[in-house]
Every structure is written in C-alpha cells, then in structure tokens.
Amino acid sequence: MLLTISTTHQPATDLGYLLFKHPDKCQAFDLSFGTAQVFYPEASDTRCTVALVLDINPVDLARGKAGSNRQTLAAYVSDRPYAASSFLSVAISQVFRTAMTGRCEHRQDLADTPIPLIAKIPVLPSRGREGFLRGLFEPLGYQVDVCRLALDEQFPDWGNSSYFDVELTHTIKLCDLLSHLHVMIPVLDDDKHYYVNEDEIQKLLRHGEGWLATHPLKAEITSRYLKRQRGLTRDALAQIAGEEVVAQIPQETPEEIIEKPISLNQQRMETVIAALKTSGAQKIVDLGCGEGKLLKLLLKEPTFSEILGMDVTYRSLESAQERVLDRLPTHQQGRLKLIQGSLTYRDARIAGYDAATVIEVIEHMDLNRLRAFERVLFEFAQPKLAIVTTPNIEYNVKFEQLPAGKLRHPDHRFEWTRSEFQNWAREICSNYKYGVEFGSIGEIDPKVGSPTQMAIFTLKME
Ligand code: SAH
C-alpha cells in the first residue's frame, strides 16, 4: 500500500517540518499489523514528495493476527496487502499523528496555511463507483483525477476492476488533507479491519471537524465509517447535526442526486405499479430489485399476493432484507421472498410469475450479456407481462449536474436513445412470443423525450 503527498510550496522541503519527518531520512514504524516506511523520493526546494509505504504480512493477516477473522482460503487470497483500506488509514493517523493535529513547533504559520498539495493513492477501492469517489472529495474542493484499473492488463476483455488510481490536488492545510484521507479511505473501501464501537464516533467527530457537518454525503460517510452500524450512525449524525434524533439515514446514489430535482424515482415506481395493477397481475417478480424500493411499494397493494425480489448483489439484498422484509408485520412476511441470482443465467425460481419488473437494470449489464438476459426472461421465465425501464440518453442534456457526455451512473454500461431501446424491444418481439408497447416516465420534452423510457411486453396467447 502506497500513499504519496507532494507539495510545490517553496521551500518545498518544509514539508518535512510539517510532517515531523526529516527529508534526508528513511524511517520505519512498527504497527500492530505490519511496518510503515516513510521516505522522500524527491526533496528539492521546488518540489518535495513524501511516501508512506505500508507492508502488511499477508500470512499474519490470514491467521487472524492482524485483525482478520476469516478462516477460509479467501483470507489468504485477498486485496488487503495491496489496496488502500483501514490499515492505511490507521497508519496515517499513527505515523503522522502530530501533523494531523495541525501543530508544528518550527513552522506553525505554515501548518496554518493552505499550501498546494497532491496526494496519490495508486490502488483505492471504490466498488466500481467513480461517482461516489468524486462525490466524496470534490465538495471539499479537490481536483480529482482518477483512472480505473483493469482487472488484468493482459486480458482487457475481462474489463475493469473496482480499484482506482487516484490523484487529489488541492490548496489546503496539510492537517486537513490528512484528516480527509484518514476518513475517506475506509469509507471508500466500505470496511474496517477492527471492531468498531462508540469510540469510533468520537474519532469521526474529531477528524470530521469543520467539514463533515456540511458535506453533502455526510450520512453515507458516517454510516460507512461506522461500519454501517445503524445505532452508532444515528448517534453520530445526531451529534454532527447537533440534533437529538435523525429519523432517517438517507442512502442516495449519485444517480438519485442527479435525478432528484424531478423525483424521477417516485414517478417511475408509480407508473410501474399502475401498469401492474391494470394488468391484473398478482404474482410479481422484481428482477434486479436492489435495495427493495419497488418491493416496499408493491407490498402496500393487497392485490399483489406473492412478491419475489432477485438481485445479483448480496449487499443490496441485505439492505432490502433490513429495510423492507424485517420491517413487515409477521403475518405479512410470507408475501415477500428475496433471492440472490443473476439475470443472465436460466433460473427456474423466477418462472411462473404473472409479471416481471426490470427497473433500471439492463443498463448495468454488459451489452454482450443482454442476449443471455433476453433468453432468461422471455424464453425461460416467460411472465405474462414484463416491464423494462431504462434511461433515455437523449434527455441527459437536461440534467444540470451531469457533465456533457457522461452517463447517469458510473456503473452504467450504456444508455440508449429512444430508437435504440425501441429497436431492441421490437427485436425481442420478433424472437420471442411477445408484443410490446412503449411508455414515457417523467416530464416529456418535445425534443429529447422523457428521462426514463419504458417497454411493456405482453406474452401472446397461443
Ligand atoms: N430496480 C432497482 C435497482 C436498480 S439498480 C431500483 O429501481 O431501485 C440496478 C440493480 O440491478 C442493482 O441492484 C444490481 O445489483 C442489479 N443487477 C445488475 N446486473 C444484474 C444481473 N445480471 N442480475 C441481477 N441483478 C443485476
């Protein structure tokens, strides 16, 4: 694991005073989980760079000496020694402890001054979400340069990994940069290698002082920093906001933030439910159900007697379980089932339903997997009705927050124009026993159409 911090503030070697580490020395620090080395690969008057290299012994890690409780082979084959994680975050706070407090005996004026700084982290995990990474640092004023790393450079077809090579540039006090890194690295990794309790709230408040309370993603940062423990998160948010209770912990994705001004999500759900009700469907399967937003609304309608949610991501299902299933009264719980599965593999569990909904899912699949999905849904599962929604890329020009040419979510593999979507749907009808009608969701612009497009497929009776 590597972190470098450079400055061009002159004389640049003053960085050594701020960090309490002499630019001519190479120093090693023993930490409970490995060794941290600090040295300066460059140290001139015009530019100075400090490197923090963290070595974790992977075998100790696997055997539980360094905070791992995993007993399986996965414990030996893990990214922990290489990717920036809570280990690096702890190393920063131990090795640069005094610098983080903002104190500097010899150059207090410099410690109090914003100076040009560049932090580089070559392997930062963000589970494939560049938008989230930017969403963390850009509101703090950083220029964020990222390069998503390939899964394996020798096999480009395998696609991208969920790791990023990141460069953060800002004119900022060094202590603030260190605090931001200390908090954000485990937030991005969405994990911590140690037990998290109330003490962690105080740590977050300390390191988040002056910026966290006004950060647009403060709820998500707090929740992840506290390892998604609801009780701790609620207490921390209450303290940050200076309020007693924070009723709800929002979990918004960048896509939701972009689409928020028109509450598109709500309109989408309402339209889909209305179409399901009109069809008379009772048994519904929601494919790619995510955290269960549609499931929750379906449950409110007594006509939907049997509801199945399927998603490929275990984490989403856990969230659906917590947010929807566990909150149902016991006598209602039998109406909803959640299963893990992929839409690109034939699956008997999703057959026999009156209607299938595939809401904002196809754009998350690689184009070359869509054929497989079509067979799974229209040949094997064969619901009487299938509702598919997806963004209309033509409408993107209307989203003020979305830079030109960008898709709405970093995980989107494609977004289609209206004619691309309609051609795709019509081709399905020529290959399978379905007819299709199209609908628009959200405001309809005369030139670019509506933000979401919908296809309602109906099984043709023999
Ligand atoms: N339908 C939900 C979630 C949309 S986000 C909503 O409207 O709120 C897209 C979801 O599709 C994610 O939860 C993702 O895990 C899921 N997904 C993507 N590819 C999938 C696949 N091949 N099989 C099943 N689910 C998939």
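Analyst: Start with Lys203, which counts as partly exposed at 22% relative accessibility. Keep in mind that this is a predicted model.

User: Why is Lys203 called partly exposed?

Analyst: Its relative accessibility is 22%. Buried means under 20% and exposed means over 50%, with partly exposed in between. So Lys203, at 22%, is partly exposed.

User: What makes Glu200 buried?

Analyst: Glu200 has a relative accessible area of 3%. The cut-off for buried is under 20%, so the label holds.

User: How do you know that Glu200 and Lys203 form a salt bridge?

Analyst: The N to O distance between their side chains is 3.1 Å. A salt bridge needs a Lys or Arg side-chain nitrogen within 4 Å of an Asp or Glu carboxyl oxygen. The pair therefore qualifies.

User: Where do Glu200 and Lys203 sit relative to each other?

Analyst: Both are in helix α8, residues 198-207. They are three residues apart, so about one helical turn separates them.

User: What makes Lys398 and Glu443 a salt bridge?

Analyst: Their side chains meet at 3.8 Å, N to O. The limit is within 4 Å, so the pair counts. The two are 45 residues apart and link distant parts of the chain. Lys398 is in the loop between β12 (385-391) and α16 (418-431). Glu443 is in the loop between β13 (434-441) and β14 (452-459).

User: Why is Asp445 called buried?

Analyst: Its relative accessible area is 14%. Buried means under 20%, so Asp445 is buried.

User: How many salt bridges does the structure hold, and which residues are linked in a network?

Analyst: The structure holds 25 salt bridges. Asp190, Glu220, Arg224, Arg228 and Arg315 are linked in a network of them.

Key. Residues numbered from 1 in each chain as written. Predicted model: local features only at pLDDT ≥ 70, side-chain atom pairs only at ≥ 80, totals over all residues. Heavy atoms only, no water. Helix = DSSP H or I, 4+ residues; strand = E, 2+ residues; numbered from the N terminus. Buried < 20%, exposed > 50% of the residue type's maximum accessible area, 1.4 Å probe, protein only.
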